[in-house]
Amino acid sequence: MNTPFTKLKLEELGRVDVETFKEQEKLPVTVVLDNIRSMHNVGSVFRTSDGFAVEQVILCGITAQPPHREIEKTALGATQSINWTYFSGIKEALQHLRNEGYQIIAVEQAENSISLNQFQPKNNQKYALIFGNEVNGVSEEAMEMIDACIEIPQFGTKHSFNIVVSAGIVLWDFFAKLNLH
């Protein structure tokens with residue numbers, strides 16, 4: 001027997017307004033974008049960050065900043081709900097986060113990285129997750145300052161995911177491990 005599925009209408013989704021969102025409890029994660037060149041990727045990361053209620057997004061280097069039409073195309077308003085800050089250099093951004101008590105983690109393929117499925121975030125810890133440039137990945141400057149490196153297991157012929165896909169996978173994993181136990 002088939003179970004009928006009817007798509008929910010927008011008003012049935014129970015979405016909160018921006019003011020309520022800003023006051024609600026957040027996932028203890030800051031997303032750091034290290035020299036992201038595509039404004040569509042930047043906007044999509046904002047939208048994904050909103051979906052998982054992260055604390056903030058930090059934009060570094062060449063990463064474009066809102067407001068910008070090309071960012072908004074994919075952000076769909078998430079640049080208003082997600083707090084964000086810009087730093088011209090990744091080092092100053094990461095030092096700021098370290099001073100605020102964040103564990104700094106690169107999402108990168110690297111020697112001694114931890115497979116995402118084996119990483120267990122702690123409830124009493126704040127995390128800064130660095131996502132790197134579409135071509136070059138997380139910068140060497142950032143890699144010199146990290147506390148840990150997480151790698152997403154992959155099983156195909158390609159050696160990388162798009163940054164937005166990576167952000168979605170990692171943020172869902174953190175959300176699930178911290179909230180759905």
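Mentor: Gladly! Let us start with helix H5, residues 90–99, whose buried residues are Ile90, Ala93, Leu94 and Leu97. This is a predicted model, where local features need pLDDT of at least 70 and side-chain atom pairs count only at pLDDT 80 or more, while totals for chains, interfaces and linings use all residues. Residues are numbered from 1 along each chain as its sequence is written, and side-chain values use heavy atoms, with hydrogens and water left out.

Trainee: Why are the buried residues of H5 said to line one face of the helix?

Mentor: Seen down the axis of H5, they fall within an arc of 90°, so they line one face. The arc is that of the directions from the helix axis to the C-beta atoms.

Trainee: What covers those buried residues of H5?

Mentor: The cover includes strands S1 (27–34), S2 (54–60), S3 (83–87), S4 (102–107) and S6 (126–132), together with helix H6 (140–143). After H5 comes glycine 101, with a positive phi near 90°.

Trainee: What makes a stretch a helix or a strand?

Mentor: Both are DSSP runs, numbered from the N terminus: helices are H or I with at least four residues, and strands are E with at least two. The chain has seven helices and seven strands, in the order α-β-α-β-α-α-β-α-β-β-β-α-β-α.

Trainee: Why is asparagine 41 called buried?

Mentor: Buried means under 20% relative accessible area, exposed over 50%, and partly exposed in between (1.4 Å probe, protein chains only). Asparagine 41 has 11% relative accessibility, so it counts as buried. This residue sits in helix H2, residues 39–51. Leaving aside residues up to four places away in sequence, asparagine 41 touches Ile36, Glu134, Asn162, Ile163 and Val164, where contact means heavy atoms within 4.5 Å.

Trainee: What kind of peptide bond joins proline 66 and proline 67?

Mentor: A cis one, with omega about -5°. Proline 67 belongs to the loop between S2 and helix H3 (69–75).

Trainee: How do you know whether the radius of gyration agrees with that of a compact globule?

Mentor: The radius is taken over C-alpha atoms, and the globule rule is 2.2 Å times the number of residues to the power 0.38. For 181 residues a compact globule would be near 16 Å, and the chain has 17 Å, so the two agree. The C-alpha trace spans about 50 × 40 × 35 Å along its principal axes.

Trainee: How much of the chain is buried?

Mentor: Buried residues make up 43% of the 181 residues. Among contacts between residues at least 6 apart in sequence, 83% join residues at least 24 apart.
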